[in-house]
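Visitor: I would like to learn how to read a helix, a salt bridge and a core. Please go through them in turn.

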Amino acid sequence: MEKIGWGLFSLAIAVLLVATFSSTGDKVKQAQLFKQKEFGIINTYKSWDNFANELNISKRSSKIQDFDMVITKNNKIYSVKFNVIEESTKGFSIYQYNQCLMCETKQENKVSIEKDVVDSWSGYADLIDTEDFFKDLQLVKESQQRKNNYDYSLIRSSGQYEETALEGEYYFLEGARFKPMNPPDNNEFYTAFNIQVMGNNFPEGFSSGEDTTKTFLVSDYQSKKYD
């Protein structure tokens with residue numbers, strides 16, 4: 001079992017490990033990614049397209065990292081966190097997005113976007129393009145398989161092309177639909193870009209497990225076994 005907390009968003013540590021800062025604290029427009037709380041009626045790709053236009057983020061050279069979104073059983077967006085890494089001739093711009101739409105205080109509910117510029121970002125090549133991610137997220141949103149009986153769901157992705165062998169149900173993307181597949185056996189891993197949906201009766205403290213987790217492989221996957 002893997003414990004997933006709402007504090008999964010650990011950019012500060014990652015930056016210290018992989019990047020060299022050239023400037024910090026750049027002012028950025030506090031734009032909202034999703035204009036509505038109703039997740040069911042949102043088009044995630046169009047929302048991203050409008051968001052990128054508002055912040056003047058490149059749609060060709062930006063990638064996503066550590067996406068976390070909590071939604072309620074009745075499809076209300078509770079919170080959203082993610083990083084966008086944008087490459088340019090000046091280096092890499094790191095946008096840190098954080099909003100809790102249903103927290104108790106107005107301050108918590110405000111959009112918070114911080115931007116830093118770094119000289120290098122070693123994991124950039126292994127991340128999924130933002131456009132591809134939000135198109136895939138739209139397909140996960142529309143799929144019946146993502147639904148569960150919990151009060152809250154965490155939709156999460158590291159954004160990395162990575163190995164995964166979590167317990168629970170697995171689905172692979174064929175065309176524009178997800179089809180069920182067998183979970184990995186002992187010592188077996190699937191390697192792909194993936195989006196996971198985890199259920200819990202509280203908006204934090206999510207844990208992966210056979211009954212709580214669904215993994216959606218959103219790119220061509222490879223199966224590997226280790227001795």
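What follows is a dialogue on one helix, its salt bridges and the cores.

Guide: This is a predicted model, in which local features need pLDDT of at least 70 and side-chain atom pairs count only at pLDDT 80 or more, while totals for chains, interfaces and linings use all residues. Residues are numbered from 1 along each chain as its sequence is written, and side-chain values use heavy atoms, with hydrogens and water left out.

Visitor: How many residues does helix 2 have, and what does it reach from its first C-alpha to its last?

Guide: Helices (H or I, at least four residues) and strands (E, at least two) are DSSP runs, numbered from the N terminus. The expected span of a helix is 1.5 Å times one less than its number of residues. Helix 2 covers residues 44-55, which is 12 residues, and spans 16 Å, close to the 16 Å expected.

Visitor: What is found at the start of helix 2, and what follows helix 2?

Guide: At the start, a side-chain oxygen of Asn43 comes to within 3.1 Å of the backbone nitrogen of Tyr45. After helix 2 comes Asn56, with a positive phi near 60 degrees.

Visitor: Which residues of helix 2 are buried?

Guide: Buried means under 20% relative accessible area, exposed over 50%, and partly exposed in between (1.4 Å probe, protein chains only). An α-helix has 3.6 residues a turn, so residues three or four places apart point the same way. In helix 2 the buried residues are Thr44, Ser47, Trp48, Phe51, Ala52 and Leu55. They lie on the same side of helix 2 because they cover an arc of only 130 degrees around the axis, the arc being that of the directions from the helix axis to the C-beta atoms.

Visitor: What covers the buried residues of helix 2?

Guide: The cover includes strand 3 (62-72), strand 4 (77-88), strand 5 (91-100), strand 6 (112-118) and helix 4 (130-142).

Visitor: How many salt bridges does the structure hold?

Guide: A salt bridge is a side-chain nitrogen of Lys or Arg within 4 Å of a carboxyl oxygen of Asp or Glu. The structure holds six. One of them joins Lys35 and Glu54, at 2.9 Å from N to O. This pair links distant parts of the chain, 19 residues apart: Lys35 is in the loop between strand 2 (21-26) and helix 2, and Glu54 is in helix 2. Lys29, Lys35 and Glu54 are linked in a network of salt bridges.

Visitor: Is Lys35 buried or exposed?

Guide: Lys35 is exposed, at 53% relative accessible area, whereas Glu54 is partly exposed, at 30%.

Visitor: Which residue forms a salt bridge with Lys63?

Guide: Asp129 does, with the closest N and O atoms 3.8 Å apart. The two are 66 residues apart, with Asp129 in the loop between strand 6 and helix 4 and Lys63 in strand 3. Lys63 counts as buried, at 11% relative accessibility, while Asp129 is partly exposed, at 29%.

Visitor: How many residues has the largest nonpolar core?

Guide: A nonpolar core is a set of buried Ala, Val, Leu, Ile, Met, Phe, Trp, Tyr and Cys residues joined through side-chain atoms within 4.5 Å. The largest has 38 residues, and those with the most contacts inside it are Phe51, Phe67, Met69, Ile77, Val80 and Phe82. Helix 4 gives the most to this core, with five residues. Apart from it lies another core, of 15 residues, among them Cys100, Leu166, Tyr170 and Ala192.

Methods
Contact = heavy atoms within 4.5 Å. Polar contact = N/O pair within 3.5 Å; in protein donor to acceptor, adjacent residues only side chain to side chain.
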